[in-house]
Amino acid sequence: MPENRLKVDARGIACPGPITELVKAYRNAKNGDIIEVMATDPGFKPDVEAWIKRTGNQLLELREEGGTYVAVIKVTAKK
Amino acid sequence: MSEADLAVAESLSRALRPESARALAKFAEILVKADEMGLLDTLRDLLDGEVLGEGAKSLLSTGTVAALINLDRISAVLEALARNADAVAKAVSLLGALDRSGLLSLASGLAEPEALGEAARAYMTAGTFYLLNEAPKMLDGLASMRIAHALDSALAESRKAQAPGFLDALNALMLDEDARRGLYFFVALLKSIGASLRPK
Amino acid sequence: MKKRVVVIGGGAGGAILANNLPLEDFEVTVVDRSPYHYYWPWLLYVAFRGSRRPMRREIESLLKPGINFIQSGAQSVDLNNRKVVLEGGKTLDYDYLVIATGSRPTYGQIGGHEKAVEKYGDYHSTVENAERVWKSINSLKQGTFAVVVGGDPYRCPPSPLEGLFLAEEFFRSRGLRDRVRVVFAVPYPRPYPAEPMNEVVEPLLKERGVEYITFFTLDRIEDDRKVAVSMEGEELKYDALVVIPPHVGTDVKISPEDVLTTDRFIQADKYTNNIKGFDDAFVIGDASAVPVAKTGVTAHLQAEVVAKRLQGEDARNNGRTNCPFDLGYGLGTFVISDYRNPVVKLPPSRFSHMAKMLFAATYWDMVRYPELWNPIFEAYFDATEPAKLARIYV
């Protein structure tokens with residue numbers, strides 16, 4: 001199966017927070033898929049890093065452009 | 001009909017003179033208006049037992065109970081009123097008096113969405129919200145300091161005929177452990193308030 | 001000529017929107033499959049307090065006289081040709097359309113989910129399921145009671161923790177707290193996803209001895225072994241569990257289809273609620289894909305904005321949330337934030353809990369009488385702007 005690229009725009013979410021959008025995309029993804037999340041909440045960066053560390057998925061890129069964080073994640077840890 | 005009921009009916013018929021009937025009609029008008037606005041529905045919904053119970057649970061703290069003790073007196077008055085059937089007549093003639101004083105028209109004017117909106121705008125501020133959230137905590141704090149008792153004894157001490165000399169006052173502060181503790185409470189309080197006043 | 005407005009859905013968003021339109025200028029038709037409007041937040045109290053207080057009213061009784069109500073599901077919406085086809089086959093033409101169909105739990109994403117709900121219940125779907133939760137906690141005399149967030153999105157971000165707090169209070173009040181373990185599992189890095197609110201609730205969880213597992217993305221429930229299994233293979237043992245079901249959007253067929261996300265939420269402008277590409281169609285409340293919490297207050301505020309826009313005013317959403325949060329033992333807080341400000345760290349108070357209860361009691365009147373309540377709410381929202389509160393609650 002070809003890999004999917006799922007784009008998630010979580011800019012402006014303060015409550016419940018952009019991490020919930022990442023979790024939602026992750027549920028629907030399969031190993032090999034790429035998830036790209038955009039967020040403006042400053043708590044997003046440490047959250048993504050912690051999430052990667054604990055779930056064992058792969059962080060391809062985490063950059064900041066003019067107040068927007070963009071995280072590119074490769075799903076690899078699903079059993 | 002019991003004797004008490006008869007007494008009520010009698011005083012009602014005495015009270016229902018034309019002018020009080022007019023007041024009653026005006027009062028009914030206010031009720032109709034309040035109903036159209038949804039105020040009566042709201043009141044009815046608020047009088048739901050479950051809500052009252054929950055509300056009471058939230059409101060009752062040691063401090064609030066202490067503050068509410070005075071209500072005993074009010075309920076005693078209400079009880080006395082209830083024993084007297086003439087009270088009904090008084091209530092109705094009060095309506096008449098209210099009407100004559102223009103208060104009923106005022107109430108009728110106030111029962112407008114715009115007026116209530118203005119009131120909400122005037123009194124609903126970030127400060128009100130803060131006070132509503134923190135009031136039970138503050139009352140509990142006051143109660144734990146037995147603030148009423150403190151006021152009583154401080155007033156009694158300070159109203160003595162002879163004002164204490166400067167050295168006496170200083171002595172009390174230096175030598176009395178409780179006075180030092182009280183002073184330190186104010187220092188700590190001032191410190192926190194000062195921190196909040198720091199320019200950002 | 002009056003403008004014809006069709007509103008699909010008679011819940012919080014739909015009913016409030018309809019009641020906010022002047023009937024001199026608009027011919028308003030509300031369409032709903034159900035004759036009832038539900039106050040969904042009350043499911044929490046059915047599930048964890050055994051409340052039997054009625055939580056629904058007839059939609060017609062909540063709409064102002066003069067608004068048309070059709071009890072029928074909408075089958076399809078054709079945004080390009082401005083047509084709504086009802087389940088009976090009847091077609092409604094409109095000048096403006098507002099979709100307010102809400103969101104609903106889905107049970108196909110998690111293995112064994114449906115069976116678990118049949119057995120233990122949940123409190124995001126129906127009164128019957130909430131009553132099952134009440135039975136479950138009443139029959140659990142020892143072992144582990146687990147609340148697991150099954151996936152996003154779901155209605156009311158505080159609700160998983162509210163259930164947990166009330167369950168803990170329940171077991172303690174029955175004298176069972178030393179025999180019943182209360183466990184919470186979430187896919188997030190912390191119990192409450194938004195950090196500032198987490199700083200308010202996490203100490204309470206610790207204080208009350210509630211255990212929690214983070215980064216737990218639920219994959220399946222194996223009820224024969226009594227374990228919930230995460231996507232990375234981590235296992236959580238339970239004796240009774242309640243799963244917060246992930247929700248999906250509308251079941252109405254909508255063309256063009258590209259306004260829908262994969263989980264059937266409708267994409268819209270987050271400031272105006274215009275459905276992507278259409279200036280005469282709106283989506284409000286849970287049914288929309290805009291980045292705000294799925295909660296009644298959002299639906300309410302968006303309904304007011306859309307009602308104003310239909311009357312020609314350039315009103316805009318600020319993304320405000322104001323979610324009452326029951327913390328158990330008569331305490332509560334509110335989750336207050338907007339598009340530009342993070343969640344306020346509002347500490348637990350008895351007032352917040354009481355406000356939640358008073359709101360629940362007067363909810364119907366707020367829907368029915370906007371003339372009275374709009375200015376009061378406006379004053380409240382103004383007084384409690386997150387930017388203002390952030391200066392008090394640092």
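In chain C, strand E14 (residues 218–222) and strand E15 (residues 227–230) run antiparallel and are joined by four bridges. Helices and strands here are DSSP runs, numbered from the N terminus, with at least four residues (H or I) for a helix and at least two (E) for a strand. Two strands count as paired if DSSP finds at least two bridges between them. Within this pair, C:Arg220 has C:Val229 of E15(C) as its bridge partner. Four residues lie between the strands of the hairpin of E14(C) and E15(C), where C:Lys226 takes a positive phi near 55 degrees.

All of this comes from a predicted model, in which local features need pLDDT of at least 70, side-chain atom pairs count only at pLDDT 80 or more, and totals for chains, interfaces and linings use all residues. Residues are numbered from 1 along each chain as its sequence is written, while chains are lettered from A and ligands numbered from 1 in the order in which they are written.

Strand E1 (residues 3–8) of chain C runs parallel to E2(C), and six bridges join the two. Here C:Lys3 stands opposite C:Phe26 of E2(C). Together with helix H1 (residues 12–19) of chain C, E1(C) and E2(C) make a right-handed β-α-β unit; right-handed says that, with the strands pointing away from the viewer, the path from the first strand over the helix to the second runs clockwise. E2(C) also pairs in the parallel sense with strand E5 (residues 68–71) of chain C, over four bridges. One of the residues involved is C:Thr29, whose bridge partner in E5(C) is C:Asn68. Five of the seven residues of E2(C) are buried, so this strand is largely enclosed by the rest of the structure. A residue is buried if 20 or more other C-beta atoms, placed from the backbone, lie within 10 Å of its own.

Chain C as a whole has 11 helices and 22 strands. Its radius of gyration is 21 Å, close to the 21 Å that the globule rule gives for 394 residues, so chain C is as compact as a globular protein of that length. The radius is taken over C-alpha atoms, and the rule is 2.2 Å times the number of residues to the power 0.38. Of the 394 residues of chain C, 57% count as buried.

Chain A has two helices and four strands, which follow the pattern β-α-β-α-β-β along the sequence. With a radius of gyration of 12 Å, close to the 12 Å from the globule rule for 79 residues, chain A is as compact as a globular protein of that length. Buried residues make up 43% of the 79 in chain A.

Chains A and C also meet: 29 residues from chain C and 26 residues from chain A take part in the contact. The side of chain C that touches chain A divides into 15 nonpolar, nine polar and five charged residues. Two residues are in contact if their C-beta atoms, placed from the backbone, lie within 7 Å. Ala, Val, Leu, Ile, Met, Phe, Trp, Tyr, Cys and Pro count as nonpolar, Asp, Glu, Lys and Arg as charged, and the others, Gly among them, as polar.

Conventions:
A residue is buried if 20 or more other C-beta atoms lie within 10 Å of its own, exposed if 12 or fewer, and partly exposed in between; C-beta atoms are placed from the backbone.
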